[in-house]
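Thanks for coming. I will walk through a few places in one structure, and I will define the terms as I go.

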Amino acid sequence: MDNLWTSFFSASFIFIVIRVGVPLLFASMSAYTASLAGIPNIAVEGIMIFGALFGVYFSALTGSAWGGLAGVILIGVLMALVLAFFTMKMKTNPIMIGIALNLFAADFSIWLLLVWTGSKGTTASLPSKVLPTVNIPFIQDIPILGEIISGHYFLTYVCFVLAVLIYILVYKTPFGLHMKACGLDEHAAESVGIKVNRVRLIAIIISGILAALGGAYLSMGYMSIFSNNMTASRGWIGIAANAVGQGNFLIVVLTTFVFAIAQGVVNRLAITNLPSELINTIPYICVLLGLIGLSIKEYRKNKAR
Amino acid sequence: MTTLRQSEKRGFKLTDDAPFEALRILASIAIALVVTFIVLCLVSPTPVDDFVSLLTLPMSSAFNFGFALVKMIPLCFAGLATLLYFRTGLFNLSTEGIFYISGVACTYFAINGNILTGNSFLDSALCIAVAGTVGGLIALIPGFLKAKFAADEMVISLMMNSILYGVGFWIVKTFLAVPGITGTSSAPFLDSARLSLIIKKTQVHSGLIIMLIMVVLVYLLLFKTRLGYSIRMTGLNKSFAKYSGMSAFSLFMVVHFLAGFLGGMGSAVELLGVYRSFTWSVSPGLGFTGALMAMLGKNHPVGVMVAAFGISYLRASAQLLANSSPVIDIKLVSVVEVILTLLISSQYFLRKWREKQLLKEEQKNG
């Protein structure tokens, strides 16, 4: 047990937290960009599933991991367009669309798995490719720091670069201001000449691509195959992190990493004799407590007013 | 007088509210089936045969039709539970987790000869009541958080689903599992707890009757009681509950308990009617499908029942065909489900067409 305890304070544990945190960060960034522009994207989980599956499929089809990545981005854009079409043109409740798309992705991905491989379990029989692992020259030789930040998957670095870009987009460009305006009050935004639908469309497409990349990370890095139910509610954890952050990107990122630490602890505890079914619920309990804490805080604030 | 004569002359028009709604639904079904056919064309060497058998197989024998009826029961229960949430304006998806944990609670009683009496009516009723109560009490957790602190019920309910499944599976593995059987399975349910078959040569069990009773009860609750009125009005306008004399807090609590109870009941009815022992090693997905049923049925209990029948008709057909066809599987029905849900819940679907028709008519009448 002593051993286990000290292992939480090692460089390799931070490495694991980053490893399990990246798909969560993709998911929460996806939820963040869409909800900031005023269209909550509840379909993050479903888009992740499709991203994971089509990444594997296209990489097997084209024989190249980069071909797979292109397919992932394509499917992310497609799903985003469906979401955008029904919310903006058909005036459907975005939550309803999200629920429907998630169920569809969960079921249809299993059917595609059956058609492509003949089994409903995994894509192990497809000759899929994984994206490379990146060792950063020089930095990898620095003790501890090299151990923590070098040697991750390609998409890990993409994720962190995108996080910085989203921060700049939202806080330093006029477009970010427009997004926030559309989210706060679409009529006010329209009255000052912002093209609400165009801003929202772009935000949703960014959101779709981010979610799909989160899925691709799972099946083309974290694991080298797609398996049934592999996203395991990560999309929902992202949506929860976004809810806790309430429009503040830095808090969203921070919350995501708190959840990632919980997930990292779970991965470490998996080797002990503790019952795995109960251990696996730890991240969800953390999310639940985070949401409850947030609503109690809001409740007190409203009451004091 | 003149207005009366005009309305007589108008007669039946597709652009009226009710026929237009029917037209919308029929058009959605047609589009969904056409897309399914296209999907089949892409993967199957014999798409026409496959498509025809998908649509007609449950009609071919009493057993097959009964199979569709049996599959509809849990979907209808989950749909009824979810429609109570949706009607109140709550996006709560906890029925999935409640199906699992209530099933575990039901199993604890259904395999326990010391508790059961041996009378098959009493025993089944006890197991179903226990599962319902457990479901109702658990639904009160997100209910309380929503009612008191206005917490986001959807994300909370989804996190609860994962937690309930983890805890439920742990209970099954540690306390209820029988050693020596591959996979995780409880001891067999006692015969007195299981629901009896009601139609010969089929698997249709008495849960169908319980389901029909519940559809009627939910209908009466929604449309004939004050509570139902509060539920519907709060769904339309959040501040209604405040002015209706019933506090929003107690309304949310009651709705959550009732919905949880229905979910728990559905789980027990499904287990005791179809299964011989508890074998769910993954969450069965019935609770989520309930959300679809509520959307397809337009949040009306009878609509939910019709939607549950339609979807389980196709699901049963697909499941029966899965043995003989490499490409047809129950999961294929998700294509129909998603298209129907998206189109039926779209306010603007076919609206342009309707406006054009109305405009034409105006111009004709001068």
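Start at the surface, with a patch of positive charge gathered from A:Lys89, A:Lys91, B:Lys352, B:Lys356, B:Lys360 and B:Lys364. This is a predicted model, in which local features need pLDDT of at least 70 and side-chain atom pairs count only at pLDDT 80 or more, while totals for chains, interfaces and linings use all residues. Residues are numbered from 1 along each chain as its sequence is written, chains are lettered from A and ligands numbered from 1 in the order in which they are written, and side-chain values use heavy atoms, with hydrogens and water left out.

What counts as a patch? Its residues have over 30% relative accessible area and no salt bridge; like charges are joined within 9 Å, and nonpolar side chains (Val, Leu, Ile, Met, Phe, Trp, Tyr) within 5 Å. Accessible areas come from the Shrake-Rupley method with a 1.4 Å probe, and for residues only the protein chains shown count as cover. A salt bridge is a side-chain nitrogen of Lys or Arg within 4 Å of a carboxyl oxygen of Asp or Glu. Lys and Arg count as positive, Asp and Glu as negative, and His and the chain ends are not counted. A charge is placed at NZ of Lys, CZ of Arg, CG of Asp or CD of Glu.

Which helix gives the most to the positive patch? That is helix H15 of chain B, residues 351–365, with four residues. Helices here are DSSP runs (H or I, at least four residues; strands are E, at least two), numbered from the N terminus. B:Lys352 sits in H15 of chain B and is exposed, at a relative accessible area of 70%. Exposed means over 50%, buried under 20%, and partly exposed in between, with a 1.4 Å probe and protein chains only.

There is also a nonpolar patch. It includes B:Ile198, B:Ile209 and B:Val302, and the whole patch has about 810 Å² of accessible area together. H8 and H13 of chain B are the elements that give it two or more residues, and H8(B) has the largest share, with six. B:Ile198 itself is in the loop between H7 and H8 of chain B, and is partly exposed at 36% relative accessibility.

That loop, between helix H7 (153–176) and helix H8 (207–224), also holds B:Lys201. Its phi is near 65°, a positive value in a residue other than glycine. Most residues other than glycine have a negative phi. B:Lys201 is exposed, at 77% relative accessibility. In chain A, A:Ala232 also has a positive phi, near 45°. A:Ala232 is in the loop between helix H10 (196–222) and helix H11 (234–245).

Now the inside. Is helix H14 of chain B, residues 334–344, enclosed or open? Eleven of its eleven residues are buried, so H14 is largely enclosed by the rest of the structure. The cover over its buried residues includes helices H4 (65–89) and H5 (94–117) of chain A, along with H2 (17–43), H12 (286–296) and H13 (301–321) of chain B.

Last, A:Ala43, in the loop between helix H2 (11–36) and helix H3 (44–62) of chain A. A:Ala43 is buried, at 0% relative accessibility. Leaving aside neighbours within four places in sequence, A:Ala43 is in contact (heavy atoms within 4.5 Å) with A:Gly98, A:Leu101 and A:Asn102. A:Met79 is 36 residues away in sequence, with 8.8 Å between the two C-alpha atoms.
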